[in-house]
Amino acid sequence: MDYTIFYKKSYDKGIVTDSVEYDYFFSGYDGCERTLTIFEKINAHNKLWIDFPHYKNSITGANVYKSSLYDEDVFFIELFSQVRFEKTSKICIDITGFIRPHLIFFIKYLYWIGIKKIDFLYTEPLLYNNAEETTFSGFVDVVRTIEGCGSEINLPNTEHDILIIAAGYDDNLIARVSNYKSKIKKRYYIIGFPSLQPDMYQENILKLYQAKDSIGHRIDKYAPAFDPFVTAEVINEIVNENPDHSNIYLSPLSTKPQTLGIAFYYLWNYEKKPINIIFPFSNNYLPKTASGIKKTWKYTFELPL
């Protein structure tokens, strides 16, 4: 399967010109200009801000979904009881402000209930406020499998396990996941190249260097920071390069589009391969870590039957 054949399109400066009218539009509230701008422009019958407790926001309103529960499955319980999706519902999700494991669980839930097509939006920033020193998350409480994203066919022989990390700015997260799976010999790190901005590639490499003691020997691979479908294709190539693999562990620690790529590959393969998505969980995330709007991407997921 060629994962790069799926649809994507970009819009300059966040000006989404499509005339699609969605049944539901969801966006993670992080207070950034790039999420606020898109929320106003999208045409949908139902628009909802998802207010994650991790950001410590204080927004209220009829179009805000809030929960004090942190874990990705229980956080959405009330939302799923309120919203009645149809298999044909037109759904759009702005992933820019979403917490990564919650985004992946949300997508898996929509897949579970039979949704076959979802549009995703992601808006690139002009810059991260503190360059390579930008902090996105706080203390890591635990590294574990994202709910609903563990394999039912984990193999007892772990000698040929593979760890694939989409590696971003947070060297602490990279180190925690690398240490968690320290016995795995084959470790791949997908680096965002081309990056969202030219200097972001160098900043990304600096952060990997800071985590070198935990990473040990690494095998670098590259996928555009803005392209989930190429990311899925690179994962596919890594797996195919290791035909004798046992269990596969994926960890989305880079951009939200690359997180989408991990979710996309997982949904197309989890029933036939021993794939698990693992993540270093924190209850604290910093809002407003980026400034400006470069462009907005639209990705259309067509999910397997």
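A total of 35 aromatic pairs was counted in the structure, where rings of Phe, Tyr and Trp (its six-membered ring) pair if their centres lie within 6.5 Å, and planes under 30 degrees apart count as stacked, over 60 as edge-to-face and the rest as tilted. The structure is a predicted model, in which local features need pLDDT of at least 70 and side-chain atom pairs count only at pLDDT 80 or more, while totals for chains, interfaces and linings use all residues. Residues are numbered from 1 along each chain as its sequence is written, and side-chain values use heavy atoms, with hydrogens and water left out.

One of the aromatic pairs is formed by Y29 and W49, whose ring centres are 5.0 Å apart and whose planes stand at 90°, so the pair is edge-to-face. Because Y29 lies in the loop between β2 (22-28) and α1 (33-41), and W49 in strand β3 (residues 44-51), this contact ties together parts that are 20 residues apart in sequence; helices (H or I, at least four residues) and strands (E, at least two) are DSSP runs, numbered from the N terminus. W49 also pairs with F39, and here the rings are stacked, with 4.0 Å from centre to centre and 10° between the planes. F39 lies in helix α1 and W49 in strand β3, so the pair ties together parts that are ten residues apart in sequence. F39 is buried at a relative accessible area of 4%, and W49 is likewise buried at 8%, where buried means under 20% relative accessible area, exposed over 50%, and partly exposed in between (1.4 Å probe, protein chains only).

Seven salt bridges were found in a search of the whole structure, each being a side-chain nitrogen of Lys or Arg within 4 Å of a carboxyl oxygen of Asp or Glu. Among them, D227 and K8 meet at 3.0 Å, N to O, and this pair links the loop between β11 (219-223) and α8 (228-241), which holds D227, to strand β1 (residues 8-12), which holds K8, 219 residues apart. D227 is buried, with a relative accessibility of 3%, whereas K8 is partly exposed at 31%.

A further salt bridge joins R144 and D71 at 3.6 Å, N to O. R144 is buried, with a relative accessible area of 18%, while D71 is partly exposed at 40%. Salt bridges that share partners join D71, E72 and R144 into one network. R144 also lies over the face of F281, at 3.8 Å from the ring centre, a placement that requires NZ of Lys or CZ of Arg within 6 Å of the ring centre and within 35 degrees of the ring normal.
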